[in-house]
Amino acid sequence: VQVVESGGGLVQAGNSLRLSCAASGFTFRWYSMGWFRQAPGEEREFVATISESHDTYYADSVKGRFTISRNNALSTVSLQMNSLKPEDTAVYYCAAATGGLKYKMADYDYWGQGTQVTVSS
């Protein structure tokens, strides 16, 4: 199993960034996919998730600014991040879970290594 994030970087506040996640080694279309993030000195927290039927759920802190999407043909999931704020600075992780919308870390089976997002003020 492989879960690989890409697209992180340094961006100014108010700008946008798009993260991508490529998955392999499991039947992607049967899995919900999620994004989590971890800021320095903080616990990892839920950001967004998309189910196998394309239902979505977001953390309140990113609702209206971030959009999660998936492409089952390519086994990829993306996170479009708009109106970025300095408090969005974190390492962003992609993860896979079975069965419906999941927002708890413990529900996720497979994890990537993360990609750094830094938002400057």
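Guide: Two strands pair if DSSP finds at least two bridges between them, and strands (E, at least two residues), like helices (H or I, at least four), are DSSP runs numbered from the N terminus. This is a predicted model, in which local features need pLDDT of at least 70, side-chain atom pairs count only at pLDDT 80 or more, and totals for chains, interfaces and linings use all residues. Residues are numbered from 1 along each chain as its sequence is written, and side-chain values use heavy atoms, with hydrogens and water left out.

Visitor: Which residue in β8 is the bridge partner of Thr67?

Guide: Strand β7, residues 66-71, pairs with β8 in the antiparallel sense over six bridges. Within β8, the partner of Thr67 is Gln80.

Visitor: Which residue in β8 is the bridge partner of Ala22?

Guide: Strand β3, residues 17-24, is joined to β8, residues 76-81, by six bridges in the antiparallel sense. Along this pairing Leu19 stands opposite Leu79, and the partner of Ala22 is Thr76.

Visitor: Why is one side of β1 and of β7 left without a neighbour in the sheet?

Guide: Four strands form an open sheet with antiparallel pairing, in the order β1-β3-β8-β7. Because β1 (2-6) and β7 stand at the edges, each of them has a single partner strand.

Visitor: Which residue in the hairpin of β7 and β8 takes a positive phi?

Guide: This hairpin has four residues between its strands. The residue with a positive phi, near 55°, is Ser75.
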